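Subject: Structure handover

Hello,

The structure is below, with its sequence. Please read it alongside the notes that come after.

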Amino acid sequence: MEWLGNYRQMRLGWTTLLLTALLLGGCGTQGIEREPVQEAPAKTARQSPDRTWGPVMKAVAMAQLYPDGKSVVDLVPKRDPAAIVADFERLQQQEGEIDKARLQAFVDANFDPRPENETRLSEAADTSIETHVVNLWPYLTRDPADTDEGPWSSLVSLPEPYVVPGGRFNEMFYWDSYFTMLGLARSDRFDLVRDMVDNFAWLIDTYGFVPNGTRTYFLTRSQPPFFAPMVALLAEHDGEAVYRRYLPELMREHDYWMRGADEIGPGEVREHVVRLADGTLLNRYHGSENWPRPEAYAAERELAARSDRPAPELYGHLRAAAESGWDFSSRWMADGQHQTTIETRDILPVDLNALLYQLERTLAHAWRVQGDDSQAARFEALAEQRRSAINRVFWQPDGGYYTDYDWRQGHLTDAISAAMVYPLAFGVADPAKADATAETVRRELLRAGGMVTTTHNTGEQWDAPNGWAPLQWLAVSGLDRYGHDDLAETIARRWIETNRAVYQQTGKLVEKYDVVDPAVGGGGEYDVVDGFGWTNGVLLDLMHRYPSQASQ
């Protein structure tokens with residue numbers, strides 16, 4: 001682990017050099033684009049399993065030796081993957097088609113299974129839910145010094161300790177971590193908050209962006225950009241100097257999402273940026289590549305076989321949906337029902353653009369703290385342009401809510417989803433639109449157990465009847481911000497009660513919940529996961545905000 005110590009010593013130098021370059025170079029997007037990404041430490045110079053032991057990975061995935069495709073790419077090679085592939089190809093030549101039993105024996109001989117998370121604690125039967133969450137933090141915390149899986153693992157080693165979600169997720173995830181940090185802050189664990197923000201800064205320094213999660217197969221896509229809210233959360237505790245410390249990484253995060261913006265004209269697109277016919281510049285999820293995600297290889301190959309669309313087109317939209325964090329939802333489907341009609345890259349998501357507004361506002365503040373009023377004014381102007389665009393492009397006046405925009409077709413999607421709360425959570429909405437959105441949330445999304453994700457029940461996990469912790473928190477924060485205290489408290493109370501009821505029945509906190517008939521949630525690509533990082537974090541924060549609910 002010597003490289004971790006070297007990284008800690010180098011980071012201050014990197015930050016100083018990059019900040020100097022930003023100050024001297026005028027900080028335009030193109031100027032930042034020319035800044036080279038720091039060379040990754042040797043420890044992280046790894047390839048995704050589909051590139052290092054691809055023939056074996058694909059065979060194991062298609063044979064469905066494991067019920068969860070992620071189990072395949074989380075296998076840890078016991079020796080050089082090139083040698084494993086060579087032996088596998090020789091076996092194929094000798095035996096032809098390899099049956100499942102022989103394939104399983106080959107895997108067992110050449111790979112170790114991923115480590116499992118332990119989240120069922122030995123606690124007294126009357127342990128309170130708050131105490132249970134605090135007791136869980138050590139079980140979900142990983143120290144890089146203790147989690148090295150060897151040189152051929154898909155796990156990306158980080159310089160500082162971090163908290164994993166739990167269950168099948170034994171790595172640090174991007175947007176999950178912000179909501180986990182809320183609970184760490186309420187537990188007075190700012191040491192871990194600080195470590196995790198440092199880890200995200202390291203990822204930006206190393207790869208030029210924050211990947212979906214810290215696995216090599218996630219290194220081609222990001223997730224909802226919550227790095228700016230993470231910095232703000234830490235600054236609330238550590239002071240304004242935090243903004244100066246992470247200004248280079250905030251700039252690089254903005255660069256990543258805006259790459260290509262200066263190269264496109266009206267009606268053109270590049271990666272994450274879309275310029276509408278009237279010149280308005282907005283963002284989409286993209287996902288980067290056009291082949292099956294390694295962690296869902298068999299499922300996506302089978303989906304492509306059922307579709308009449310070109311397979312690369314389908315794979316690209318699936319990857320973009322994975323980058324959105326809402327994998328999968330009727331929001332992204334042309335017919336509102338089937339993954340074969342997915343069109344994520346054609347959609348401008350209101351939530352992503354609200355997050356980028358927050359990033360631009362944070363950059364304006366960070367430059368103000370740095371003492372550069374010119375750059376602060378520049379980002380304030382960018383934020384204001386985006387705020388105006390969000391309120392113009394994403395507003396559905398007939399229904400009174402924010403929704404997504406299909407840039408290819410040139411119209412709103414009319415999807416009624418919890419994404420509508422993002423403009424409230426980040427202060428984008430004007431009061432009238434916030435009031436109308438609050439009424440839509442109450443009328444369309446409020447259920448017995450909290451706020452439902454969409455109004456469609458498709459069997460996808462980001463649809464009804466499921467509710468998710470981050471969306472409850474954003475709704476509560478946004479509604480409270482605009483004076484809708486009663487509705488905010490109602491959502492918080494119902495969500496807390498749902499968490500508590502499931503905990504009393506099962507002894508667990510889980511990834512998602514059925515909020516229509518309050519219970520453990522379902523649907524999606526894998527079994528429901530317990531642990532669970534963002535559920536724990538949001539629960540503690542909401543119980544702190546509403547102590548009368550916490551004591552019931």
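Predicted model: local features only at pLDDT ≥ 70, side-chain atom pairs only at ≥ 80, totals over all residues.

Residues are numbered from 1 along each chain as its sequence is written, and side-chain values use heavy atoms, with hydrogens and water left out.

Pockets

A pocket here is an open set of points on a 1 Å grid over the protein atoms alone, with protein on both sides within 12 Å along at least five of seven lines; lining residues have an atom within 4 Å of a point. Points are joined across faces, edges and corners, and a volume is the space filled by probe spheres set on them. Helices (H or I, at least four residues) and strands (E, at least two) are DSSP runs, numbered from the N terminus.

The largest pocket holds about 720 Å³. Its lining has 42 residues, and Arg 168, Arg 293, Ala 296, Glu 525 and Tyr 526 lie nearest the centre. H14 gives the largest share of that lining, 6 residues. By class the lining has 20 nonpolar, 9 polar and 13 charged residues, where Ala, Val, Leu, Ile, Met, Phe, Trp, Tyr, Cys and Pro count as nonpolar, Asp, Glu, Lys and Arg as charged, and the others, Gly among them, as polar.

The second largest pocket has a volume of about 450 Å³. It is lined by 22 residues, with Tyr 178, Ala 232, Glu 236, Gln 358 and Trp 473 closest to its centre. H16 supplies the largest share, 5 residues, and H20 (469-481) is among the helices that supply at least two.

Cavities

A cavity is a set of grid points where a 1.4 Å probe fits but cannot get out.

Helix H20

H20 has 13 residues and spans 18 Å between its first and last C-alpha, close to the 18 Å expected at 1.5 Å a residue (1.5 Å times one less than the number of residues). Of its 13 residues, 11 are buried, Trp 473 among them (buried is under 20% relative accessible area, exposed over 50%, partly exposed in between, with a 1.4 Å probe and protein chains only). Gly 483, which follows H20, has a positive phi near 85°.

Salt bridges

There are 36 salt bridges in the whole structure (a side-chain nitrogen of Lys or Arg within 4 Å of a carboxyl oxygen of Asp or Glu). Asp 74 pairs with Arg 215 at 3.6 Å between the closest N and O atoms; the two are 141 residues apart and link distant parts of the chain. Asp 74 is buried at 1% relative accessibility, and Arg 215 is buried at 0%.

Glu 300 forms a salt bridge with Arg 293, with the closest N and O atoms 2.5 Å apart. Both partners are buried, Glu 300 at 2% and Arg 293 at 2%.

Arg 368 and Glu 380 meet in a salt bridge at 2.6 Å, N to O. Arg 368 is partly exposed at 36%, as is Glu 380 at 30%.

Regards
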